[in-house]
Amino acid sequence: ADGTNTLFTLAHTPFATSEVSVFVNGQLQTPPGIHTFQDYSITGSNVFFTTSSVPDSDSLVLAIYNKST
């Protein structure tokens with residue numbers, strides 16, 4: 001992460017976007033649909049962070065998901 005990038009691309013398209021868990025520096029981010037606030041959204045294999053949740057420079061961003069076949 002570079003502190004300004006809001007778009008990250010997953011290596012594969014997830015089986016279901018609702019089953020993706022995104023972590024920044026080990027902290028689980030709030031997914032869409034759980035709360036009125038969300039840290040990110042997913043379209044296809046793209047993860048879009050909200051402006052207020054952009055990972056800081058040198059942050060480690062990880063995603064756990066099952067890929068579609």
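**Sheets, core and selected side chains of the predicted model**

An open sheet is formed by 3 strands in the order 1-5-4, with antiparallel pairing. Strands are DSSP runs of E with at least two residues, numbered from the N terminus, and two strands pair if DSSP finds at least two bridges between them. Strand 1 (7–9) and strand 4 are the edge strands, each pairing on one side only. From one strand to the next the twist averages 25°, where axes are lines fitted to C-alpha atoms and angles run from 0 to 180 degrees between N-to-C directions. The structure is a predicted model, in which local features need pLDDT of at least 70 and side-chain atom pairs count only at pLDDT 80 or more, whereas totals for chains, interfaces and linings use all residues. Residues are numbered from 1 along each chain as its sequence is written, and side-chain values use heavy atoms, with hydrogens and water left out.

Strand 4 and strand 5 run antiparallel and are joined by 4 bridges. The two strands form a hairpin with 2 residues between them, and glycine 44 in the turn has a positive phi of about 60°. Within this pairing, tyrosine 40 has phenylalanine 49 of strand 5 as its bridge partner, and serine 41 stands opposite phenylalanine 48 of strand 5. In a regular strand, side chains alternate between the two faces of the sheet. In strand 4, Tyr40 and Ile42 make up the covered face, while Ser41 and Thr43 make up the uncovered one.

Serine 41 lies in strand 4 and is partly exposed, because its relative accessible area is 24% (buried is under 20% relative accessible area, exposed over 50%, partly exposed in between, with a 1.4 Å probe and protein chains only). Residues up to four places away in sequence aside, serine 41 touches Pro32, Asn46, Val47 and Phe48; contact means heavy atoms within 4.5 Å. The C-alpha atoms of serine 41 and threonine 30 are 9.5 Å apart, with the two residues separated by 11 residues in sequence.

Strand 2 and strand 6 pair in the antiparallel sense over 4 bridges. Valine 22 has alanine 63 in strand 6 as its bridge partner.

The largest nonpolar core has 9 residues, namely Phe8, Leu10, Val20, Val22, Val24, Tyr40, Ile42, Val47 and Phe49. Strand 2 (21–24), strand 4 (40–43) and strand 5 (46–49) are the elements that give two or more residues to this core. Such a core is a set of buried Ala, Val, Leu, Ile, Met, Phe, Trp, Tyr and Cys residues joined through side-chain atoms within 4.5 Å.

A search of the whole structure finds 2 aromatic pairs. The rings of phenylalanine 8 and phenylalanine 49 have centres 5.5 Å apart and planes at 85°, so this pair is edge-to-face. It links distant parts of the chain, with phenylalanine 8 in strand 1 and phenylalanine 49 in strand 5, 41 residues apart. Tyrosine 40 and phenylalanine 49 form a tilted pair, with 6.4 Å from centre to centre and 55° between the planes. Rings of Phe, Tyr and Trp (its six-membered ring) pair if their centres lie within 6.5 Å, and planes under 30 degrees apart count as stacked, over 60 as edge-to-face and the rest as tilted. Phenylalanine 8 and phenylalanine 49 are buried, as is tyrosine 40. Ring pairs link Phe8, Tyr40 and Phe49 into a cluster.

Two polar residues in loops were also examined. Glutamine 29, in the loop between strand 3 (27–28) and strand 4, counts as buried because its relative accessibility is 11%. A polar atom of the glutamine 29 side chain lies 2.8 Å from the backbone oxygen of glutamine 27. Beyond residues up to four places away in sequence, glutamine 29 touches Val22, Phe23, Val24, Asp39, Tyr40 and Phe49.

Serine 53 is found in the loop between strand 5 and strand 6 (61–64) and is buried, with a relative accessible area of 10%. Its side chain makes a polar contact with the side chain of aspartate 39 at 2.6 Å. A polar contact is a pair of N or O atoms within 3.5 Å; within protein, one must be able to donate a hydrogen and the other to accept it, and residues adjacent in sequence count only if both atoms are side-chain atoms. With residues up to four places away in sequence not counted, serine 53 touches Phe37, Gln38 and Asp39.
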